[in-house]
Amino acid sequence: MTRSNSTKAVVALCVVMIALVFLSRPSTPSSTSSSDPYFSLLPSGSKLPSDSQCSDAVGHDTFEPRPQNAKPNSTTPSASDLSTYKSKVSSGEGGAPASCLLRVDGQFKGSTDAILKWASCKWGFDENVTRATALNETHWRQLEIGDIGNGTSLGILQVKSTDYPSTCEAVASSQNTANVTDPGCYSYRSTAFDADYKLAQQRACFEGRISYLSDDPAPAGYPSYPEGTPEQMMWGCVGWWYSGHWYDAGARNYIAQVQSYLADQAWSHLV
């Protein structure tokens with residue numbers, strides 16, 4: 001995630017962007033097995049599926065365009081790791097309440113696609129939006145390190161260490177990228193944890209629980225937080241992950257990038 005001085009290219013699609021912001025979600029599954037269900041956006045207040053329900057549901061998904069993710073895809077936090085993590089988020093973090101973050105455990109192993117699908121199921125988000133977001137962030141590379149010198153973001157969905165220090169305290173406190181090998185750097189060492197944590201934060205945003213966003217004035221044509229439709233809230237929270245704000249210019253540019261990948265389903269031909 002980048003909140004300022006981003007090195008990512010900004011797509012100047014202002015006119016197209018406004019039309020795209022409320023683009024409908026595609027319904028085409030991308031799993032390698034037709035027996036796997038497709039996970040769409042669940043409304044605010046929905047009862048979310050359990051870890052085991054989601055694990056069982058994605059068991060046939062073996063699509064793997066990033067074999068170099070094999071080690072982090074098979075790494076999950078230990079019970080001791082999770083105890084340490086939960087003690088750090090017991091009062092909330094990054095604007096999200098503890099009730100969301102304590103549910104994060106990263107307890108899933110599988111292909112990169114299966115992990116993104118599992119996390120989407122667990123947090124009630126459209127799986128193709130998650131795929132497109134991961135493509136925009138890292139092109140599905142779990143061991144990607146971004147925003148060096150500006151908070152250091154880690155993992156497939158770029159969890160920013162300074163904003164979310166519980167995920168990699170060693171880097172959050174030092175900003176030394178060599179410390180990603182620290183045993184407690186779950187956002188770098190575990191693909192499942194990285195995706196699980198990011199979507200927990202996104203769910204908190206979607207449920208209207210990032211209180212400081214209520215102070216962000218919405219630009220003309222966009223809803224105030226958290227008053228939007230489910231689609232508006234979902235896209236606003238996708239953009240928030242990038243800019244830290246509600247439908248500001250940076251967020252809208254980021255949303256347009258993700259929607260472009262979503263429309264093309266570009267992850268299906270990753271190289």
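Me: Before we go on, where does the model come from and how are the values handled?

Reply: This is a predicted model: local features need pLDDT of at least 70, side-chain atom pairs count only at pLDDT 80 or more, and totals for chains, interfaces and linings use all residues. Residues are numbered from 1 along each chain as its sequence is written, and side-chain values use heavy atoms, with hydrogens and water left out.

Me: OK, back to the pair. At what angle do the axes of α7 and α12 cross?

Reply: Roughly 115°, and the axes of α7 (residues 127-138) and α12 (residues 249-264) come within 8 Å. Axes are lines fitted to C-alpha atoms, for helices over the stretch in contact, and angles run from 0 to 180 degrees between N-to-C directions.

Me: Is the crossing of α7 and α12 left-handed or right-handed?

Reply: Right-handed. A crossing gets that label if the near helix is turned clockwise from the far one by less than a right angle, and left-handed if anticlockwise.

Me: How many helices and strands are there in the protein?

Reply: There are 12 helices and 3 strands. They're DSSP runs numbered from the N terminus: H or I with at least four residues for helices, E with at least two for strands.

Me: And which residues touch the most other members of the largest nonpolar core?

Reply: W140 and W235, in a core of 61 residues. At least two residues of this core come from each of α2 (51-57), α5 (98-101), α6 (112-123), α7, α10, α11 and α12. The largest share, 9 residues, is from α10. A nonpolar core is a set of buried Ala, Val, Leu, Ile, Met, Phe, Trp, Tyr and Cys residues joined through side-chain atoms within 4.5 Å.

Me: What lies apart from that core?

Reply: Another core, of 6 residues, including L154, C168, V180 and C185.

Me: Let's look at α10, then. How many of its residues are buried?

Reply: 16 of the 16, so α10 is largely enclosed by the rest of the structure. Buried means under 20% relative accessible area, exposed over 50%, and partly exposed in between (1.4 Å probe, protein chains only).

Me: What span should α10 have, and what does the model give?

Reply: The 16 residues of α10 (residues 191-206) should span 22 Å at 1.5 Å a residue, and the end C-alpha atoms are 22 Å apart, which agrees. The expected span is 1.5 Å times one less than the number of residues. Just after α10, G208 takes a positive phi of about 80°.

Me: How about α11?

Reply: 13 of the 14 residues of α11 are buried, so this helix is also largely enclosed by the rest of the structure.

Me: Which non-glycines have a positive phi?

Reply: H139 is one of them, at about 55°, and it's in the loop between α7 and β1 (145-146). D147 also has a positive phi of about 55°, in the loop between β1 and β2 (153-154).

Me: Is H139 buried or partly exposed?

Reply: H139 counts as partly exposed, at 31% relative accessibility. D147, at 8%, counts as buried.

Me: Last one: what does T130 touch?

Reply: Leaving aside neighbours within four places in sequence, T130 is in contact with L116, S120, F125, L157 and L199. T130 lies in α7 and is buried, with a relative accessible area of 4%.

Terms used
Contact = heavy atoms within 4.5 Å.
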